[in-house]
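Trainee: Before I use these labels in my notes, I would like to see what each one rests on. Could we go through them in turn?

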Amino acid sequence: MTAASVRFRRTSALVLASALLAGCGTGAPERRGGRDAPSAPGFPVTLDNCGVRTTYERPPERVVTIHQHPTEVMLALGLGDRLVGTAFPDSAPLPGHAREFRGLPVLSEREPSFETVLAAEPDFVYGGFDSAFAAQEGRSREAFAEAGIDTRLNLEYCGRGRTSMSDAYAEIRAVGSVFGVRERADRLVAELRRRVEDAHRAVRGARAVPVLVYDSGQKTAYTAGGRSLATDVIALAGGRNVFADLDEVFGDVSWEQVAERRPEAIVIHDYEGGGGLERKKEFLRSHPALAEVPAVREERFVTLPLAATLVGVRPPHAVAELARGLHPERFR
């Protein structure tokens with residue numbers, strides 16, 4: 001996607017937002033069928049999500065996604081026609097969904113304002129990180145509920161403890177239930193399970209390689225902790241997260257701590273706004289505290305998009321890619 005096309009989409013979305021707000025005032029968006037309309041076949045469906053209990057009388061019809069991994073869940077489930085807007089795209093899409101992904105209306109390059117989301121007239125907003133529903137920015141789940149809009153937050157941010165690959169499958173199935181496509185979700189999960197099992201089988205019995213996840217940061221390293229799905233992805237790929245004892249999804253650690261744990265491979269997150277892949281590599285190579293770290297000395301870097309270790313459809317793909325990076329001898 002060129003910078004010009006991004007600017008065009010953003011400008012078009014904001015122009016549309018202004019027009020819609022002018023036409024409908026500040027009231028809640030009208031919902032097709034209304035909450036009192038008869039339930040759709042297989043409905044109602046009631047789900048608990050991060051402490052919010054929602055009963056769906058019918059599948060949502062107009063969806064806004066905030067962050068890329070919810071968008072990719074929707075596309076993988078064949079629900080792209082429900083998307084009326086997305087925000088914060090940060091990586092190249094999976095090849096199978098590239099054309100559809102690039103055709104989506106981009107409401108904002110970062111998290112959109114509450115008013116921008118309302119202007120798209122959604123009946124459902126699906127967020128990836130907890131910042132999707134930042135109360136201090138007027139975008140809380142309560143605010144959307146008051147506007148008559150249902151919401152879902154990716155379960156990685158429900159504060160339930162360590163996240164595993166089973167949570168990725170659970171997220172896909174939950175979204176399948178919301179949209180009445182359970183069988184489609186089951187088929188997708190089965191396909192992703194096979195992908196993980198094939199990669200894990202190839203590295204079974206191999207020595208676990210110590211791995212650091214480097215997302216960003218220079219004064220400190222912003223890395224994946226024990227609550228992150230990255231820990232499970234690394235284990236399934238034949239590695240070991242050197243900061244699995246960090247009781248966070250992501251958190252900061254010192255470079256001295258990194259040096260002490262001597263990772264033999266470094267997973268570098270590559271995404272838009274993340275500082276640039278080559279700059280990250282050069283920083284790691286030049287940091288004096290890392291000179292004797294095996295991964296840096298041997299330049300054993302594995303590049304993954306940020307979404308690859310977030311709850312969604314990407315982690316099974318990441319297991320296969322990372323396994324090849326950690327144990328290339330098992331794939332010759």
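The dialogue below takes the labels up one by one.

Mentor: Keep in mind that this is a predicted model. The chain has 332 residues, of which 52% are buried, and it holds twelve helices and 13 strands.

Trainee: What makes cysteine 50 and cysteine 158 a disulfide?

Mentor: The cut-off is 2.5 Å between the two sulfur atoms. In cysteine 50 and cysteine 158 the sulfur atoms are 1.7 Å apart, within that limit. The structure holds one disulfide.

Trainee: Why is the disulfide of cysteine 50 and cysteine 158 called left-handed?

Mentor: The torsion about its S-S bond is about -65°, so the disulfide of cysteine 50 and cysteine 158 is left-handed.

Trainee: Which parts does the pair tie together?

Mentor: Cysteine 50 sits in the loop between strand E1 (45–49) and strand E2 (52–56). Cysteine 158 sits in the loop between strand E7 (150–153) and helix H6 (165–178). The pair therefore ties together parts that are 108 residues apart in sequence.

Trainee: Why does cysteine 50 count as partly exposed?

Mentor: Buried means under 20% relative accessible area and exposed means over 50%. Cysteine 50 has 30% relative accessibility, so it counts as partly exposed. Cysteine 158, with a relative accessible area of 23%, is partly exposed as well.

Trainee: How do you know that strand E8 is largely enclosed by the rest of the structure?

Mentor: Six of the six residues of E8 (residues 209–214) are buried, so the strand is largely enclosed. Both faces are covered. Val209, Val211 and Val213 are buried on one side, and Pro210, Leu212 and Tyr214 on the other. In a regular strand the side chains alternate between the two faces of the sheet.

Trainee: What makes E8 and strand E10 a pair?

Mentor: At least two bridges are needed. E8 and E10 (residues 239–241) have three, in the parallel sense; valine 209 has glycine 239 of E10 as its bridge partner. E8 also pairs in the parallel sense with strand E12 (residues 265–270), over four bridges. There, valine 213 stands opposite valine 267.

Trainee: What makes H6 mostly covered?

Mentor: Eleven of its 14 residues are buried. Among them are Met165, Tyr169, Ile172 and Val175, along with Asp167 and Glu171. Just after H6, glycine 180 has a positive phi of about 70°.

Trainee: Which residues does methionine 74 touch?

Mentor: Leaving out residues up to four places away in sequence, methionine 74 touches Val63, Thr65, Leu79, Gly80, Arg82, Leu83, Tyr126, Val175 and Phe179.

Trainee: What makes the phi of glutamate 121 worth a note?

Mentor: Most residues other than glycine have a negative phi, and most peptide bonds are trans. Glutamate 121 is not a glycine, yet its phi is positive, about 55°. It lies in the loop between helix H4 (114–119) and strand E6 (124–127). At 28% relative accessibility, glutamate 121 counts as partly exposed. Arginine 262 also has a positive phi, near 45°. Arginine 262 lies in the loop between helix H9 (255–261) and E12, and at 40% relative accessibility it counts as partly exposed.

Trainee: Which residues does a cis peptide bond join?

Mentor: Phenylalanine 43 and proline 44, with omega about 10°. Proline 44 lies in the loop between helix H1 (3–24) and E1.

Methods
Residues are numbered from 1 along each chain as its sequence is written. This is a predicted model: local features need pLDDT of at least 70, side-chain atom pairs count only at pLDDT 80 or more; totals for chains, interfaces and linings use all residues. Side-chain values use heavy atoms; hydrogens and water are left out. Helices (H or I, at least four residues) and strands (E, at least two) are DSSP runs, numbered from the N terminus. Buried means under 20% relative accessible area, exposed over 50%, partly exposed in between (1.4 Å probe, protein chains only). Contact means heavy atoms within 4.5 Å.
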